[in-house]
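Please look over the sequence and the model shown here before turning to the report on side-chain packing.

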Amino acid sequence: MNYLTELERDSLCELFNISLGGAAKLMSEMISDEILLTVPSLKLITEAEAKNFENLANKDVCTVEQKFVGDIGNGSAFLLFHKSASLEIVKMMMKDYVALNEVSQFEKDALSEIGNIILNAILSNLAKMSNYKIETQIPEFFSGKYEELLLNRNPNTNEDNSILLVFIDYQLKGKEIKGYIFFILNFDSIKNLSRVLIEKLK
């Protein structure tokens with residue numbers, strides 16, 4: 001069973017904490033209101049555990065995927081929301097500029113922009129903090145069933161890969177929206193990354 005030590009988990013959490021803090025600031029500027037994020041929590045799960053995670057199976061979700069290659073290895077980063085949460089985010093971004101029945105038309109562009117901000121913040125900070133060279137592809141937006149988007153369509157997901165899962169909560173004007181970041185990457189790469197971060201954070 002693959003596992004991370006407490007120190008390794010803490011180093012990875014710090015990476016996400018720093019990255020998401022910067023992303024929240026940019027998002028706050030986009031909607032002209034403050035966005036509060038909880039300190040991210042993290043866990044390492046298997047593909048089988050991911051399939052049954054939080055009863056997401058067969059649920060309608062929206063994801064933004066960014067593939068990457070480089071010193072860290074080949075992998076994918078996903079930002080995922082429940083469908084209802086994604087529409088709530090779009091309403092927050094568009095405010096009074098569109099009618100409620102038109103919100104879904106702007107969903108792809110709005111969430112792609114958020115995914116671009118968050119995933120780029122994480123991967124750029126990862127490269128900066130680890131001194132790894134990482135090349136990223138343009139983020140892609142997908143909408144559909146959870147397991148089809150996260151697992152079935154991703155060729156990187158196999159028995160050699162692990163899934164690093166990060167929980168994040170957004171709060172704005174009393175609203176609370178839960179999002180998930182899935183890092184699909186070889187376990188040895190995740191382990192090595194955490195060890196590099198430990199040295200950098202000393």
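This is a predicted model: local features need pLDDT of at least 70, side-chain atom pairs count only at pLDDT 80 or more; totals for chains, interfaces and linings use all residues.

Residues are numbered from 1 along each chain as its sequence is written, and side-chain values use heavy atoms, with hydrogens and water left out.

**Aromatic pairs**

A search of the whole structure finds five aromatic pairs; rings of Phe, Tyr and Trp (its six-membered ring) pair if their centres lie within 6.5 Å, and planes under 30 degrees apart count as stacked, over 60 as edge-to-face and the rest as tilted.

Phe 16 counts as buried because its relative accessibility is 2%, and Phe 183 counts as buried at 4%, where buried means under 20% relative accessible area, exposed over 50% and partly exposed in between (1.4 Å probe, protein chains only). The pair of Tyr 146, in helix α5 (residues 146-152), and Phe 182, in strand β8, spans 36 residues of sequence, and both Tyr 146 and Phe 182 are buried. Tyr 146 and Phe 182 also belong to one aromatic cluster with Phe 167 and Tyr 180.

**Nonpolar cores**

A nonpolar core is a set of buried Ala, Val, Leu, Ile, Met, Phe, Trp, Tyr and Cys residues joined through side-chain atoms within 4.5 Å. The largest such core has 48 residues, and those with the most contacts inside it are Phe 16, Ile 118, Leu 164, Ile 181 and Phe 183. Helix α4 (residues 107-130) gives the most to this core, with 12 residues. Ile 181 touches, among residues beyond four places away in sequence, Phe 16, Leu 20, Ile 118 and Leu 164, contact meaning heavy atoms within 4.5 Å. Another core, of 17 residues, lies apart from the largest one, and Phe 53, Leu 80, Phe 167 and Tyr 180 are among its members.

**A buried glutamine**

Gln 66 is in strand β3 (residues 60-70) and counts as buried because its relative accessibility is 1%. Its side chain makes a polar contact with the side chain of Asn 120 at 3.2 Å and reaches the backbone oxygen of Gln 137 at 3.0 Å. A polar contact is a pair of N or O atoms within 3.5 Å; within protein, one must be able to donate a hydrogen and the other to accept it, and residues adjacent in sequence count only if both atoms are side-chain atoms.

**The chain ends**

Leu 4 lies in the segment before α1 and is buried, with a relative accessible area of 11%. Leu 4 and Ile 190 are 186 residues apart in sequence, yet 9.0 Å apart in space, C-alpha to C-alpha. Asn 186 caps the N-terminal end of α6, with a side-chain oxygen 2.9 Å from the backbone nitrogen of Asp 188. In α6, the buried residues include Phe 187, Ile 190 and Leu 193.

Terms used. Helices (H or I, at least four residues) and strands (E, at least two) are DSSP runs, numbered from the N terminus.
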